Amino acid sequence: MPFPAKGVTERMKVIACYKWVLDEADLKVDAKSRALLTDRAKYKISEYDRNAIECGVQLVEQVGGEVIALTAGTSNAKNSIKDALSRGPAQAVLVKDELMGQADSAVTAKVLAGAIRKIGAYDIIVCGEGSSDEYSQQVGIRLGQLLEIPVISFVNKVEMKNNVLRAERKLENGIEVVEVNLPAIITVLPDINEARIPSLKQILAASKKPVQELTVADCGLSNADLEPKVHRLSVLGAVMERKQVRIEGDVSEMVQQVANIIKKEVSC
Amino acid sequence: MSKIWVISETQSTLLELLAHAKGIAQGESIVAWSFSAEDAQAASQQGADLVYHFEGLKRPEDCTEELIKRAKAELPVAILCGNSKRAKEIAARLAAALDVGLISEGFNLKRNGDNFLSDRYIYGGLCVTTQEVTAKPFMAVMAAKMAEPLAKGTSCPVETVSTPESNVKFVELRPNQAKCDICGANVVVCVGRGISKEEDLELARRLAAKLGGEVGCTRPVAEDLHWMPEEAYIGISGQTVKPVLYIGLGVSGQIQHLSGIRDSKTIIAIDKNENAPIIESADYALVGDLYQIVPALLNELGA
Amino acid sequence: MSEERFDAIVVGAGPAGSVAAYCMAKAGLEVLLIERGNTPGAKNMTGGRLYGHSLHKIIPNFWEEAPIERKVLRETVTFMTKESEVSLDVKSEKWNDAPSFTVLRSEFDAWLAGKAEEAGAMVAAGVRVDELIKENGKVIGVRCDEDEMQANVVIAADGVNPLLAQRAGIRSELLPKHVATGAKEVIELPKQVIEDRFNLTEDTGAAQLFVGECTRGLQGGGFLYTNKNSISLGLVITAEEFAHSQYSIVDLMEEFKMHPAIRPLIEGGKVVEYSGHLVPEGGLGMMPPLVHDGLLIVGDAAGLVLNTGYMVRGMDLAIASGEAAAKAVIAAKEAEDYSKQGLSLYQKELDNSFVMQDLKTYSKAPAFMENKRIFGLYPSLVEDMMVNLFKVDGVPAKPLLKEAVGTIKHYGGLMQLARDAWKGVSSL
Amino acid sequence: MKYLSIEERLGTTKFIVDEGMPHIIVDKTICATCQEKPCLRACPAGLYQLQDNEIRFDYAGCLECGTCRVVCLKKALKWDYPRGTFGVEFRYG
């Protein structure tokens, strides 16, 4: 994959948003208290956001330009920069504020919108359709509304055709094909691409790329704006109340009992 | 007279939303926004006090700016949306414009006074969180199949609304071929790694056919072994099913799979490993060799 | 395309690799440390004990900042039979001046690699090194997928599976008798319960090795190390044994947990991780040439592990080898000679240090370990002698010596025991 | 302390499976010539199993220890570490 394609006249500017999340594979739940245990849990770039970064990088590889990786989080999000930059973006912008720790989707979208206004001109914004921790499936869409640009959500194929962005959306009843003029925002599904694994050279190059840190104030927001609209009262391990009946006996006895249960549930 | 809105472009969820709205209404009138004449008709008889029907829209999402305008004017108490991708986009744009929270895939909706409470799953189904919203309007995308449509009554007025095209140009819609038949299935027979050869899927097919159900599978069976299509695998990144009866054949029951069958009414698990996680998550568990149990079960059921 | 050229590329961010990178970076060299795990430590597992002396030399009092678990002040060696355990159990404060610590590698290795990064080394994680690049016999760099990166010297710290050396034709495949397969469980238990059950004062730890029934007489042993709020418990079995035994390590591991000697110690615990690893055991017999043109081999990749039966040491040797390799590279840079000759300081440093001297001292241990009686017969002999020693059943007692000789006859006789004992004493 | 099946034990460990890219491949024909099959007993993850007298191997739960490569009498394995970022990830170690 040549990287990035040179020689295209106008340089497209793509902003790829990502979130630094707790790796859900590291999370455990205490069986008795159902409390969420996060010790030893590591952070990672949210899965679908890797597809968003990859999508931005592939777009600029086709038509020339550069990708800016953008994230908002607590100081912990600083650890995400090297990984994000090793996936192809030319620079990174981090909005850092401890209050982002309990931000909800409404706050995150406002902060990102503020950061993008500060970044200035752009052509395309790419977001994941949902984060792997909350999966509230709305930050990218909210962002487009706040920036008053066209929104194309749940995209699994995108291409630039003489200055018009053409996208395919994978919906429940089929594939909807749409076109928009730029600037525009898309939220992408995980099957839009396979995020390439950062190579050694990309990892080494990442540490040399520019990183800009913004405060919430730089984004034109006050601490009051960071007050979440949705208040989280509790987080507990999800438990399935099931009968947990163990069918005993030899094969024919077990089959006898389970056949009756099935017949009770389903007429067959 | 304050209102509760419901919005969905699929009739089944629209009717469920009306039931949810009825559940939390305290004197508010219920307004339904629909996108086809049939949906408008159904909604008008099953819980709505007033139905708007968008006309001539190429894409349901094109209604959003109109909805924003009206919502800012009327400031409904609550806005409940369906959980299709189109409805999720409308809901998120509306919430952003009104600068309010939006609970996604919510269930166990409760109201006390003007505060609303709802549960939802996070961390890929590992946890459930209870969230509260105090600002108005309360907005939520409701999880599907969590309420029964209300009984038919006298129909209420239906008004048509037209709205200009949006800045997103519709090109075409290609209806999809691989329909997700296990999503709506009443009975799901699911195969896991406990099945050793591809031909043994026949056992699951015969059982499913006998019970009028469909055959699903776990991620490895579709992604690694490729014995079944991608649309057939059940789990967080696959399909979610809500059958009356789920029967797991050789399914160990990893958390990612369990979160896709969580809402099944009855779960039966047949697995040789008594320590498999699914055994604890099943209503009825048979520990043994499925290659003996299933054939015996088939002829017990006369299949 | 190699616009960048490093003084040294270190492959593998385990103790050996990270220490080599740390020492070279501290001396101002341009160092690249490549780790295939997503973070240093993510791919590393160990029984669980680090003898601190060699790291103390490099980072004085490292235990004050490093994420160690407990300082070991209780050593136990236990002979296990089906129904008994006979232990040599030593508790002492005297080990304070030569401390050893239980560690969990995921955190510890991340800290150690972090020190290398702090000192100026570039760390690239999540990258698998596929092969060494050679140019007329000299190693000039490494290839990772499509990327080639050059350096004056490559330090192979890629662990017990020496794929880089094998692919470069430097060494052949490991022999089953030279390595042992380990299985391990980390079992979570409250801090207080651990300190109560092992009779430990705050933050001190216990280390216990088991011989006999735990491996059903196969060559190998069990280990138990106490961490802050978990227990590292596992088995190590020489790989060769699996060719003709009917036991599997998967079953032996759980049966070991069910043995009366173990079960009460871990009762109520929760298994939070299961891991497996290969441990070099061949000593000098398995070591490849460690110095080549443009290449040094350190740590497990060099087979630098010492197993004397009552003690297993890997990390302290690995750390010392990392330091020695760094010194050699620094010297080579000064002399601008990265040939085998230019890097020869590495072997000299090892020879003059405890690393090679200990390996030579215990060089006969691997052979001694192949004596099956150690794992099958003698645990039962010790059991019989000890049980009889403390048994009172009204039968007129025989004098101790007569009693002991009688028992020994039953277990192959005095001559065989004396020969085995002499071989053991002389090889340890 | 309950006797844990190997599936349960591996269930406590974190694996990032490289879909469709096995890092260990068994050459079935060479493998068939081996009687002892030490891999069945040596692999700490129990990934080598006998199914109608043929080895069935699944790389998804591999602990990457290397034992199989060493003990395989017929050298029937193509063995490598998984690609970067994939495979087992120890949280304790």
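**Strands and contacts in a predicted model**

Q: Why is strand S6 of chain A largely enclosed by the rest of the structure?
A: Let's start with residues 65-73 of chain A in this predicted model. A residue counts as buried if 20 or more other C-beta atoms lie within 10 Å of its own. S6 is largely enclosed because, of its nine residues, the number buried is eight.

Q: Which residue of S6(A) is the bridge partner of Cys17(A)?
A: Strand S1 of chain A covers residues 12-17 and pairs with S6(A) in the parallel sense. Six bridges make up that pairing. Within S6(A), Cys17(A) has as its bridge partner Leu70(A).

Q: Which residue in S7(A) does Leu70(A) stand opposite?
A: S7(A) spans residues 91-96 and runs parallel to S6(A), with six bridges joining the two. In S7(A), the residue opposite Leu70(A) is Val93(A).

Q: How far apart do the C-alpha centres of domain 1 and domain 2 of chain B lie?
A: Chain B splits into domain 1, residues 3-161, and domain 2, residues 187-300. Their contact takes five residues from domain 1 and seven from domain 2. On the domain 1 side, these residues are two nonpolar, two polar and one charged. Between the C-alpha centres of the two domains, the distance is 34 Å.

Q: How many charged residues are on the side of chain A that touches chain D?
A: Here four residues of chain A meet five residues of chain D, with contact meaning C-beta atoms within 7 Å. The chain A side has two nonpolar residues and no polar ones. Its charged residues number two.

Note on methods
Residues numbered from 1 in each chain as written. Chains lettered and ligands numbered in written order. Predicted model: local features only at pLDDT ≥ 70, side-chain atom pairs only at ≥ 80, totals over all residues. Domains from an automatic or database assignment. Contact = placed C-beta atoms within 7 Å. Nonpolar A, V, L, I, M, F, W, Y, C, P; charged D, E, K, R; others polar. Buried ≥ 20, exposed ≤ 12 C-beta atoms within 10 Å, placed from the backbone. Helix = DSSP H or I, 4+ residues; strand = E, 2+ residues; numbered from the N terminus. Pairing = 2+ DSSP bridges.
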